[in-house]
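Thanks for asking for a second pair of eyes on this one.

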Amino acid sequence: MPRNFSFHHPINASMHYNRAIICFQNAFNVPDVSFIFYAALELRICIERFLFEYLVIMNTDESKIEKYMKEYRIKSLSNAIYNAEPEFDKKLEYTNFYLNTVGSEFQIKAPNTNLLNNYYGKLGNYLHNFKKPADTIQKSEWWDDFISLLEETRAYLFEFIGVPRAFFKMNEKGLELYQAYKDESLSKDEIMKRILDGN
């Protein structure tokens with residue numbers, strides 16, 4: 001029997017985020033609580049893809065990318081980011097300082113990988129066979145906690161989804177100014193002056 005599925009959707013974090021929202025809305029509009037579980041699955045995959053996209057943005061070595069394609073554990077993907085760029089957070093901080101200096105309103109937010117790992121694990125707890133229905137799916141409090149977790153995870157991911165993510169490679173002069181910013185060997189005012197002067 002022919003199916004009309006489209007296989008041309010982009011595979012990215014935003015797609016999984018949007019599908020999670022659709023599932024969550026359907027749970028109440030249809031209504032069908034099974035959609036709540038699908039929303040949790042989509043948010044988990046969104047978190048996986050979100051961190052993997054940072055590895056791609058950072059131009060991580062191709063052979064390592066192949067390895068990380070097989071990885072889904074959030075802790076491992078987080079570690080991969082910091083293995084590829086040990087000063088990931090500090091360089092994003094400096095990038096925002098640079099963008100602010102040149103008058104850009106665009107700012108890059110660094111993801112809290114520990115929080116993402118926490119959300120990922122908690123969502124996963126709801127995607128297993130329930131041995132004691134009386135303590136889980138038959139309790140309104142359990143559903144309230146599940147829905148609250150979905151809302152909290154969705155709200156955090158919303159801060160990133162749809163906002164351009166970037167990681168800037170610095171030339172030699174840029175790295176020198178970054179180093180001065182990091183070790184505070186120059187004042188921020190002086191660094192700003194040199195950025196604007198192009199030195």
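**Notes on the model**

1. Let me start with Leu196: its relative accessibility is 56%, so it counts as exposed (buried means under 20% relative accessible area, exposed over 50%, partly exposed in between; 1.4 Å probe, protein chains only). Leu196 belongs to helix H9, residues 188-197. Together with Tyr98 and Val102, Leu196 makes a nonpolar surface patch of about 290 Å². Patches here are made of residues with over 30% relative accessible area and no salt bridge, with like charges joined within 9 Å and nonpolar side chains (Val, Leu, Ile, Met, Phe, Trp, Tyr) within 5 Å. A salt bridge is a side-chain nitrogen of Lys or Arg within 4 Å of a carboxyl oxygen of Asp or Glu.

2. A word on the basis of these notes: this is a predicted model, in which local features need pLDDT of at least 70 and side-chain atom pairs count only at pLDDT 80 or more, while totals for chains, interfaces and linings use all residues. Residues are numbered from 1 along each chain as its sequence is written, and side-chain values use heavy atoms, leaving out hydrogens and water.

3. On the overall fold, the protein chain has nine helices and zero strands. Helices (H or I, at least four residues) and strands (E, at least two) are DSSP runs, numbered from the N terminus. Of the chain's 199 residues, 37% count as buried. The accessible surface comes to about 12,400 Å², and 52% of that belongs to carbon and sulfur atoms; areas come from the Shrake-Rupley method with a 1.4 Å probe, and for residues only the protein chains shown count as cover. Among contacts (heavy atoms within 4.5 Å) between residues at least 6 apart in sequence, 71% join residues at least 24 apart.

4. Which residues of H7 are buried? They are Trp142, Trp143, Phe146, Leu149, Leu150, Thr153, Tyr156 and Leu157. Seen down the axis of H7, these buried residues fall within an arc of 160°, so they line one face of the helix; the arc is that of the directions from the helix axis to the C-beta atoms. They pack against helices H1 (13-29), H2 (34-57) and H6 (113-125). The geometry is in order too: at 1.5 Å a residue, the 19 residues of H7 (140-158) should span 27 Å, and its end C-alpha atoms are 27 Å apart, which agrees. The expected span is 1.5 Å times one less than the number of residues.

5. H1 can be checked likewise: its 17 residues should span 24 Å, and its end C-alpha atoms are 24 Å apart, which agrees. Buried in H1 are Ala13, Met15, His16, Tyr17, Ala20, Cys23, Phe24 and Ala27, and the buried residues of H1 pack against H2 and H7.

6. Tyr120, in helix H6, counts as buried because its relative accessibility is 8%. Leaving aside neighbours within four places in sequence, Tyr120 is in contact with Arg44, Ile47, Glu48, Tyr72 and Ile74. Tyr120 and Ala40 are 80 residues apart in sequence and 9.2 Å apart in space, C-alpha to C-alpha.

7. Two backbone details deserve a look. A cis peptide bond joins Val30 and Pro31, with omega about -20°; Pro31 is found in the loop between H1 and H2. Glu184, a residue other than glycine, has a positive phi near 60°. Glu184 sits in the loop between H8 (172-183) and H9 and, at 68% relative accessibility, counts as exposed.
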